[in-house]
Amino acid sequence: MPNEPSQMTIPKFRAMKAAGQKITMLTAYDYTMAGLLDATGVEGILVGDSMSMVVQGHPNTLPVTLDEMIYHAEMVGRAVHHALVVVDMPFPSFHLGVWKAIDNAGRILKETRCQAVKLEGGTDQAEVIAGLVSAGIPVMAHCGLRPQSVHQLGGYKVQRDEDKLLADAAAAEQAGAFAVVLECIPAPLAAKITAQLQIPTIGIGAGGGCDGQILVTNDLLGLTSGYVPRFVKAYADLQHTITDAVTRFRDDVRSSKFPTPEQTFK
Ligand code: KIV
């Protein structure tokens, strides 16, 4: 089926960098939220493996499975008509060899309406990225803080190894990635990587010098309780809005103020 004229595509994503236009991305995990985000005109929606924490309540991104990612990506894909939808390859779906990575990413593209996959890695995943790209599967790489390696990294820390990060981003581009997420790295280094690459960089905790920005939607909407990373800006306080609405409903039910004749059939 041909793309709708307004649909974001991989070439348009790259063209935005060339034109100096900033790219906005957010995460979504279900139909309702994906539709709301898409209607705003954001360029990209990520079905992130952050779902493991945000939706499933796990302490990190490791437990979410490929089947679960596909189940949610299908809901998101059904709602989105404009944005480029990227789906995270969960741990360890791309660590089992190039053939298996193509098999797993192929399932994501075949079973959802999503257009691309994201995987954590740079130099170490260059062979896998190249294999996926040669199979016609667009890949967004993810360098810097790689949450799937939280145990190896010893926590969610700012990544400062300049030589490694420059090499990782360059290797991802060389292997054919169409964009790279830069997570939790110092702003000057992210700007340096961004200047070095032809493909767009999408920052999260990487400063304003990136070609685009991504946040976890629950963080942006003020839905996250407990620890919120310093790089998050909450643009709403939905936790309080929801608590207030539900409390008023509860009180109305208890005092028989709901339903009124307006909500009742005769
Ligand atoms: O899973 C996710 O939500 C992500 C973003 C934070 C980049 O990878």
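User: How many residues of domain 1 are in contact with how many residues of domain 2?

Analyst: Keep in mind that this is a predicted model. Five residues of domain 1 touch four of domain 2, where touching means heavy atoms within 4.5 Å. Domain 1 covers 10-235 and domain 2 covers 237-266, and their C-alpha centres lie 39 Å apart.

User: How do you know what area domain 1 and domain 2 bury between them?

Analyst: Buried area is the accessible area that two parts lose on being put together, summed over both. For domain 1 and domain 2 that comes to about 370 Å², with 55% of it on carbon and sulfur atoms. On the domain 1 side, L221, G222 and L223 lose the most, together 79% of what that side buries.

User: What makes D211 and K17 a salt bridge?

Analyst: The cut-off is 4 Å from a side-chain nitrogen of Lys or Arg to a carboxyl oxygen of Asp or Glu. In D211 and K17 the closest N and O atoms are 2.8 Å apart, so the pair qualifies under the 4 Å rule. D211 sits in the loop between β7 and β8 while K17 belongs to helix α1 (residues 10-18), so the bridge ties together parts 194 residues apart in sequence. The structure holds eleven salt bridges.

User: Why are β7 and β8 called paired strands?

Analyst: Pairing takes at least two bridges between the strands. Two bridges join β7 (residues 201-204) to β8 (residues 212-215), so the pair meets that requirement. The two strands run parallel, and G203 stands opposite Q213 in β8.

User: Which strands make up the closed barrel?

Analyst: The barrel has eight strands, in the order β1-β2-β3-β4-β5-β6-β7-β8, with parallel pairing. On average, neighbouring strands of this sheet are turned by 25 degrees against each other, direction ignored. Helix α4 (residues 66-79) lies across β2 (44-47) and β3 (84-88), at about 155 degrees to β2.

User: What is phi of C184, and where is C184 placed?

Analyst: Phi of C184 is near 50 degrees, a positive value in a residue other than glycine. C184 sits in the loop between β6 (179-183) and α9 (187-196).

Conventions:
Residues are numbered from 1 along each chain as its sequence is written. This is a predicted model: local features need pLDDT of at least 70, side-chain atom pairs count only at pLDDT 80 or more; totals for chains, interfaces and linings use all residues. Side-chain values use heavy atoms; hydrogens and water are left out. Helices (H or I, at least four residues) and strands (E, at least two) are DSSP runs, numbered from the N terminus. Axes are lines fitted to C-alpha atoms, for helices over the stretch in contact, and angles run from 0 to 180 degrees between N-to-C directions. Domain bounds come from an automatic or database domain assignment. Buried area is the accessible area (1.4 Å probe) that two parts lose on being put together, summed over both.
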